Amino acid sequence: MSFSDSDNSSHGGEYKTLRHVSRDRLLYEMLQTPKSGDSRSSWKPSFGRQVLIMDKVTLKVMSNSCKMSDITDQGVSLVEDLYRRRQPLTSMDAIYFIQPSKENVVLFLSDMSGREPLYRKAYVYFSAPISKDLIARIKRDTSVLPRIGALREMNLEYVTIDNQGFITDHERALEELFGDDAENSRKSDACLNVMATRIATVFASLKEFPFVRYRAVNLDGDTMTTVRDLVPTKLAAAVWNCITTYKSSVPNFPQTETCELLIVDRSVDQIAPIIHEWTYDAMCHDLLNLDGNKYVYEVPRKSGGPPEKKEVLLEDHDPIWLELRHTHIAEASERLHDKMTNFVSKNKAAQLQQRNGGELSTHDLQKMVQALPQYSEQMEKLSIHVEIAGKLNKIIRDMDLRELGQLEQDLVFGDAGTKEVMNFLRTKQDVMNENKLRLMMIYASIFPENFEDDKASQLMQLAKLPHADTKAVKNMKLIAGSDAGKISKGAFSLKFDSAKSKHKLRKDRSGEEKTWALFRFYPMIEELIEKLSKGELPKDEYQCMNNPGPSSNGNQGNSGAPHGPHSMRSRRTATWAKSGSSDDGYSSDSVSRNGKKMGQRIFVFIIGGATRSELRVCHKLTAKLGREVVLGTTSIDDPPQYITKLKLLSEKELLN
């Protein structure tokens, strides 16, 4: 089972991002037909006569790393679903990129066995290590064996969501590992084992051997440990087992540690998934009805009639999105205004379009026609983002999110308390239920004692929230686990940690430029990553599967520094957005590769879902620390998604 000899790790060779490495491996190790004279030409399929067959998981892996044009450029003329009935194409070769499951192997053998196989030759690539039993099963089928051109382990079963982010695609991880049925060890262990396998394939792709650290259980004698508390420990052990086998099974896999991996669960920060995050990216996904990253907009038809619907993907290939996604919405709006002003001042057609009254001369019309193609193309790209930013700002005004956002952040930083929350609920009767619920969840995290016994019901009644919403608040306890202190039998308790509950969950970050209001909040992983980079994580709280030496913090290479501070905004910036704090002094795509040596990579994996603010922090810290920080998680959740998942933790009680 083969790997290429390319070196993608941070300890040598050309430095590539996770998404870049994933794309290259899929296209060039799996799909590319070798040039003439290549010794592998005997087992590679014929160019232009290839069918690519995938299952549901590998299709997602492929589609998030490669474009369809990338695939067809490698000679693939047809993409098929393994589980759908397919027509015989006996003159074509088939490339199977599939999970190493019994069901998949049975389907593959069915395709290629007997007197009339579906394809001429089969080149089989498994997304993860395959068991010896399944290999033996394939070898026993004597009719299939001569028709196999390749049988290999790609070890690539993660879904890239960003240059520095991936998911294991476990949308129900929160429910399966922390819900009512979490005591079902067989089900939760199966979930963790698949998760560990997929995480390990990240390190197989990058040829990285990590120090595996995890948030450990607090065994102080006074705390009742539950299976939920052991989730990070069990996952760390499973990842460690997978990775250690790579040392002997994967060619050129490093034999000593080259990077850091920190495994935590959602209990490390229950505020980040629900607080309003004020970046352009987060607000698009929180406030707009996006389908994944797809934004649907309308454009008027030149011939009149109903407007035409168009779609745009808010992804890395859009340079405007890449520039603005991690900036504050007010700054994004200002930059878009500047871009539009600059465009109009330089584009002749745009200037002509802006004229009011008066007839256009023939010369003017000629100029406009000459400039129009460029005007249309550039204006469309820019106007989409202007429209999006305008919608977001309108929603912020209509929903009065400024005041709510200020209260949320004041609560987190200890500048507001019960009095302010009660006053808000009494005076803001028209606030959406979802926003009131998010406020109550933040309040419950900071003032857990106010949710003891019947107090929770009284508070939820004051907020006029239904019973289903009450469950979302109560279920935070299931995620908090016994790290909250002693779990009482009977009465609902949200005492996450009585020693730490000082009615203040964050401290202001020192040394960061004050620019934007409502940009004060930061996720807890920012502190954890910085401590990890410095080798300052408490060893009793964050234990290591390896036996780390004194230099294991991996703080190598040039230490990146934040870019220069931004100046205060001009007077057209909304007044509510001024005089706050900012941590946007970095490029959102700031991994430096050109001539600068990067330190060892840092990987953080969050069980139970991660947020866009946490992904943003990884980009920020990459520039600050001079080390690429990669975020892994079971899923990326926007607040509405996360709250729905939280309610499902006690679905049985909801149904009753």
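The chain holds 23 helices and 14 strands. Helices (H or I, at least four residues) and strands (E, at least two) are DSSP runs, numbered from the N terminus. This is a predicted model, in which local features need pLDDT of at least 70, side-chain atom pairs count only at pLDDT 80 or more, and totals for chains, interfaces and linings use all residues. Residues are numbered from 1 along each chain as its sequence is written, and side-chain values use heavy atoms, with hydrogens and water left out.

Of the 656 residues of the chain, 54% count as buried. Buried means under 20% relative accessible area, exposed means over 50%, and partly exposed lies in between (1.4 Å probe, protein chains only). Contact means heavy atoms within 4.5 Å. Among contacts in the chain with a separation of 6 or more, 79% come from residues 24 or more positions apart.

## Two open sheets

Two strands pair if DSSP finds at least two bridges between them.

Val51 has Ala94 in β3 as its bridge partner.

Another open sheet has seven strands, in the order β6-β7-β14-β13-β9-β8-β12, with mixed pairing. Its edge strands are β6 and β12 (542-544), and each pairs on one side only. Here, neighbouring strands are turned by 25° against each other on average, direction ignored.

| Strands | Sense | Bridges | Opposite residues |
|---|---|---|---|
| β8 (210-215) and β9 (259-265) | parallel | five | Phe211 and Glu260 |
| β6 and β7 (165-167) | antiparallel | three | Val159 and Ile167 |

Helix α1 packs on this sheet too, touching β6, β7 and β14 (627-633). Its direction makes about 140° with that of β6. Helix α7 also packs on the sheet, touching β7, β8, β9 and β13 (599-607). The direction of α7 makes about 165° with that of β13. As for β6 and β7, a hairpin joins them through two residues.

## Helix α2

Which residues of helix α2 (residues 56-63) are buried? They are Val57, Thr58, Val61 and Met62. These residues cover an arc of only 130° around the axis, which puts them on the same side of α2. The arc is that of the directions from the helix axis to the C-beta atoms. What covers them includes α1 (18-31), β1 (50-54), α3 (68-73), β3 (93-98), β6 (159-162) and α7 (185-206).

At the start of α2, a side-chain oxygen of Asp55 reaches to within 3.1 Å of the backbone nitrogen of Val57.

## Aromatic rings

Rings of Phe, Tyr and Trp (its six-membered ring) pair if their centres lie within 6.5 Å; planes under 30 degrees apart count as stacked, over 60 as edge-to-face and the rest as tilted. The count comes to 13 aromatic pairs. In one of them, the ring centres of Tyr158 and Phe166 are 6.0 Å apart and the planes stand at 70°, so the pair is edge-to-face. Tyr158 is buried, at 1% relative accessible area. Phe166 is buried as well, at 3% relative accessibility. Elsewhere, Phe209, Trp240, Tyr246 and Phe253 form one aromatic cluster.

## Glu277

Where does Glu277 lie? Glu277 sits in the loop between β9 and α9 (280-287). Glu277 counts as buried, at 9% relative accessibility. Its side chain makes a polar contact with the side chain of Arg616 (2.8 Å). A polar contact is a pair of N or O atoms within 3.5 Å; within protein, one must be able to donate a hydrogen and the other to accept it, and residues adjacent in sequence count only if both atoms are side-chain atoms. Leaving aside neighbours within four places in sequence, Glu277 is in contact with Ala282, Met283, Phe519, Phe521, Ser613 and Arg616.

Technical notes
Axes fitted to C-alpha atoms, helices over the stretch in contact; angles between N-to-C directions.
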